[in-house]
Amino acid sequence: MDIKSKLKIFSGDILGGLNAAIITLPQALAFGVATGFGASAGLWGAIILSFVAGVLGTKIPVISGVTGPVAIVAASIMHALNKDLNAVIFILFLAGIFQVILSLSKLPEIVKYVPYPVISGFMNGVGIIIIIMQVNPLLGLPAASNTISSIENLINQLGILNIQEMSIGILTLLIVFGFPKRWNKYVPSQILALIVCTIISVKLGLNVSRISEISVTMPAFVMPKTNLHDLITYLHYGVILAVILSSESLLTGLVCTSITKIQLPAKRLLVAQGIGNIFCALTGTMPGSAATMRTVAALKTGASTRFAAVVTSIILVLLIYKFSDFVAEIPLAVLAGILIKIGYDIIDTKFLKVIKIAPKDDLYVLITVFLLTVFYNLIVAVGAGIVLAALLYAKRVADKAKLIEKPVYDADIMNLERVVERDYKHKIRVVHISGAFFFGSATQLISHFDELLGTRYLILVYDSDDMLDISAVFALEDIILRLKSQHIKILLVINSEDVRKQLQNYDVISQIGEKHVFFSEVSAIDYAKTSFKKRVKKKYSGK
């Protein structure tokens with residue numbers, strides 16, 4: 001690699017790390033305050049985790065720190081233990097150890113089997129929890145530890161609103177929601193709101209609650225005090241937190257793979273996160289996971305190596321030392337407004353856009369997970385969602401089980417496929433999506449399409465008459481996008497008119513064009529052969 005290429009990578013990592021740090025700062029402060037750990041713990045936790053997980057993690061940059069789901073679980077544990085910091089720190093330590101253990105298990109492979117409606121219901125629930133719990137501090141009312149208490153406090157204390165805090169909170173909302181999206185990549189709206197609203201509150205001398213104090217000293221290492229009784233008592237908390245931390249990190253890893261087209265080693269990602277969270281526990285700072293929003297921001301700005309995560313940590317340290325006085329003046333209402341925007345962004349709008357035409361079974365799963373997440377327990381919600389999705393799918397399969405005589409697969413078609421592969425040297429390939437195409441098989445199928453380099457025309461044949469669930473539809477959409485990014489022409493063969501209409505409703509067919517969808521495999525092969533010959537003839541016509 002020449003010096004010019006190295007400088008390009010280095011500058012990309014610097015810019016990516018800087019952009020990620022700018023996004024991390026308000027979020028780490030806000031989550032630190034919202035969970036009861038404190039602003040300093042949130043910020044130093046992001047610094048330590050991003051640095052350790054960045055150095056030990058994957059080559060592809062992954063920016064880490066506290067996220068919405070992690071914050072909700074951490075806040076619940078803090079509340080359940082009456083803010084017993086020694087007990088909470090011990091649980092964080094256990095969670096980090098369990099993450100390392102989980103990295104040696106099958107969990108990194110199991111996560112990809114979680115149905116899409118479960119993930120969507122969970123993320124929507126987390127987004128709503130964050131929004132509900134931040135309405136009170138936005139209006140200058142005391143914060144509560146759960147959604148029900150937040151709603152009760154809001155109703156009972158509407159008469160004692162702090163107009164000044166409410167005004168600065170509403171101004172924050174106007175900035176984070178009203179700032180043009182096309183400018184966000186240059187100046188993130190959250191950092192803009194943080195700076196502008198804090199300056200206004202100071203200049204006008206508003207009587208509002210503020211962070212008040214931010215520690216510029218590197219947290220000291222302290223081994224949590226414990227005994228066998230504590231280990232048995234708090235074990236389940238550590239497991240719950242470890243599962244949330246790991247799942248969030250693995251989902252971020254899947255997003256990275258989708259963007260970079262490079263498969264991230266899931267087990268290495270997980271062990272790096274676990275060791276990072278152990279360091280967070282030993283320093284009494286907030287745990288976290290790989291953060292999707294910050295990681296995507298770094299990648300989109302040009303980051304390409306793990307150095308970007310180190311840059312993020314360094315910049316955050318510099319910001320603490322340089323602007324600690326300013327950070328102490330940040331109003332809590334401003335942090336609440338920023339968190340409300342984060343909660344809104346977590347909500348899965350992709351699924352909500354197609355909710356009217358989504359299968360009823362998927363809606364049942366989503367609604368169940370959503371309600372349990374918001375009003376009961378996150379882990380129970382995910383577990384119940386997975387079980388319900390599996391049961392509903394099993395019922396669908398059982399209802400369709402019939403004794404039907406089917407003819408043997410057409411031998412002439414099989415011979416035709418062999419001839420095509422032989423004569424066109426795999427430039428034209430036929431792939432059958434056979435068996436049940438649902439949330440369990442969809443992610444497996446996606447991985448197989450990474451092996452089709454060199455192919456110019458790929459004929460996807462879906463022989464089944466079974467309707468696709470929402471996970472399979474989105475998986476098929478992902479397959480098409482991946483193949484198109486490799487400049488592979490996709491031809492789709494669908495025998496069922498109902499499946500064809502379903503894919504039209506989800507705008508999947510529009511992505512490959514109506515003329516590239518066939519009812520007959522022979523027609524698709526003839527079209528591919530004719531198009532390929534025209535392409536070759538055009539390429540060499542000038543010679």
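# Chatting through a predicted model

Student: How many helices and strands does the chain have?
Tutor: The secondary structure comes to 23 helices and six strands; these are DSSP runs, H or I of at least four residues for helices and E of at least two for strands, numbered from the N terminus. This is a predicted model, where local features need pLDDT of at least 70 and side-chain atom pairs count only at pLDDT 80 or more, while totals for chains, interfaces and linings use all residues. Residues are numbered from 1 along each chain as its sequence is written, and side-chain values use heavy atoms, with hydrogens and water left out.

Student: OK, strands. What does β4 pair with?
Tutor: Strand β4 (residues 457-462) pairs with β5 in the parallel sense over six bridges; two strands pair if DSSP finds at least two bridges between them. One of the bridges has Y457 with K489 in β5 as its partner.

Student: And which helix goes with β4 and β5?
Tutor: Helix α21 (residues 470-485), and together the three make a right-handed β-α-β unit. Right-handed means that, with the strands pointing away from the viewer, the path from the first strand over the helix to the second runs clockwise.

Student: Is β5 mostly covered or uncovered?
Tutor: Mostly covered: five of the six residues in β5 (489-494) are buried, where buried means under 20% relative accessible area, exposed over 50% and partly exposed in between (1.4 Å probe, protein chains only).

Student: New topic: where is A291?
Tutor: A291 is in the loop between β2 (289-290) and α13 (292-301), and at 2% relative accessibility A291 counts as buried.

Student: What is A291 in contact with?
Tutor: Leaving aside neighbours within four places in sequence, A291 is in contact with I63, S64, T67 and T252; contact means heavy atoms within 4.5 Å.

Student: How many aromatic pairs are there?
Tutor: Five. Rings of Phe, Tyr and Trp (its six-membered ring) pair if their centres lie within 6.5 Å; planes under 30 degrees apart count as stacked, over 60 as edge-to-face and the rest as tilted. Among the pairs, F10 and F307 have ring centres 5.7 Å apart and planes at 20°, so this pair is stacked.

Student: Which helices hold F10 and F307?
Tutor: F10 lies in α1 (residues 3-35) and F307 in α14 (residues 307-328), so the pair ties together parts that are 297 residues apart in sequence.

Student: Is F10 buried or partly exposed?
Tutor: Partly exposed, with a relative accessible area of 46%. F307 also counts as partly exposed, at 31% relative accessibility.
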